[in-house]
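User: I would like to go through the strand pairing in this model with you, and to hear the reasoning behind each label.

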Amino acid sequence: MAAANTRTGSWRVAAQATQSAGRPERADLIITRLFEMVDDPLIYALFVRHAIVRPNIIMRVSRVLDLALPYIRSHGGDVELVEVRDNVVYVRLHGSCNGCSLSAVTLRNEIEATLRTNIPEITGVQVVAAEAAPALIMPESIGVRDHLAGWVAGPSTSDVPPGVMYRLQTERDDILIINLDGRLSAFRNACAHQGLPLDDGILDAEAGTITCPWHGFCYDASSGECLTAPQAQLEPFPLRVEQGRIWVRPTRG
Ligand code: FES
């Protein structure tokens, strides 16, 4: 758990204020030596323990958060002290509570209760957003048991250069893969007019259209929208490229 290192800051300010107030030289010397001593963590801890010095608010908050850590960690989380401003403690949550609003609320309430019990002047706790961290999300973790389920391996991308239509036939599916200026799309290889195959049709890369070789129905090559009969449409299939291989997931009726 992180905390700002301001332990001796208030001492220095106090000593300087005392010196400027014209105290006798010997008193100045004692104060100077005193705050030199509290630079030593062991001496500082001893002084705090015997109430010779009063830790500043950040140190006190930090210590109370340490008390709450076992509870926070038992919930798979962690807490980082960001700052204390106007008696409000700002923390950042990490671990399983990061991104889970329910856990975050539970922990925030616990932290606030602990802080207010131990430091009465604290009036609230605010959770600041955690910085985004890149993460590899495994398909299994989001309920996808087989990320290849339903997908059909197609040609490599080099087999479908811009301006080319590629017919992919499997036992169950007849698929048309189109590369229009580098944008790949896939459709069922069946014209909306009579269901006849389109792969011998004309792909006009400049106009972005496919024209059916049988009766001339024209389609938008990106969306599959029929430009001849606007109520008709080619059936699009999801397509993805993985390691240079085109994959298509045909819809099964
Ligand atoms: S089957 Fe395509 S236009 Fe008739």
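**Strands, pairs and turns**

Analyst: In this predicted model, S6 and S7 form a hairpin with 2 residues between them, and Asp181 in the turn has a positive phi of about 55°.

User: How do you know that S6 and S7 are paired, and in which sense do they run?

Analyst: Pairing requires at least two bridges between two strands. Strand S6 (residues 174-180) and strand S7 (residues 183-188) are joined by 6 bridges and run antiparallel, so they meet the requirement of at least two.

User: What makes S7 and S11 a pair?

Analyst: The same cut-off of at least two bridges applies. S7 and strand S11 (residues 236-237) have 2 bridges in the antiparallel sense, and therefore they count as paired. Within this pairing, Phe237 in S11 is the bridge partner of Ala186.

User: Which strands form the other hairpin, and what is found in its turn?

Analyst: S12 and S13 form a hairpin with 2 residues between them, and Gln243 in the turn has a positive phi of about 50°. Strand S12 (residues 239-242) pairs with strand S13 (residues 245-248) over 4 bridges, in the antiparallel sense, and Arg240 has Trp247 in S13 as its bridge partner.

User: Why are S8 and S10 called edge strands?

Analyst: The open sheet has 3 strands in the order S8-S9-S10, with antiparallel pairing. Strand S8 (202-204) and strand S10 (218-220) each have a single partner strand, so one side of each is left without a neighbour in the sheet, and they stand at the edges. From one strand to the next, the twist averages 20°. Strand S9 (residues 209-211) pairs with S10 over 3 bridges in the antiparallel sense, and Ile210 stands opposite Tyr219 in S10.

User: In which sense do S2 and S3 run, and how many bridges join them?

Analyst: Strand S2 (residues 88-95) and S3 run parallel and are joined by 5 bridges; the bridge partner of Val88 is Gly124 in S3.

How values were computed. Residues numbered from 1 in each chain as written. Predicted model: local features only at pLDDT ≥ 70, side-chain atom pairs only at ≥ 80, totals over all residues. Axes fitted to C-alpha atoms, helices over the stretch in contact; angles between N-to-C directions.
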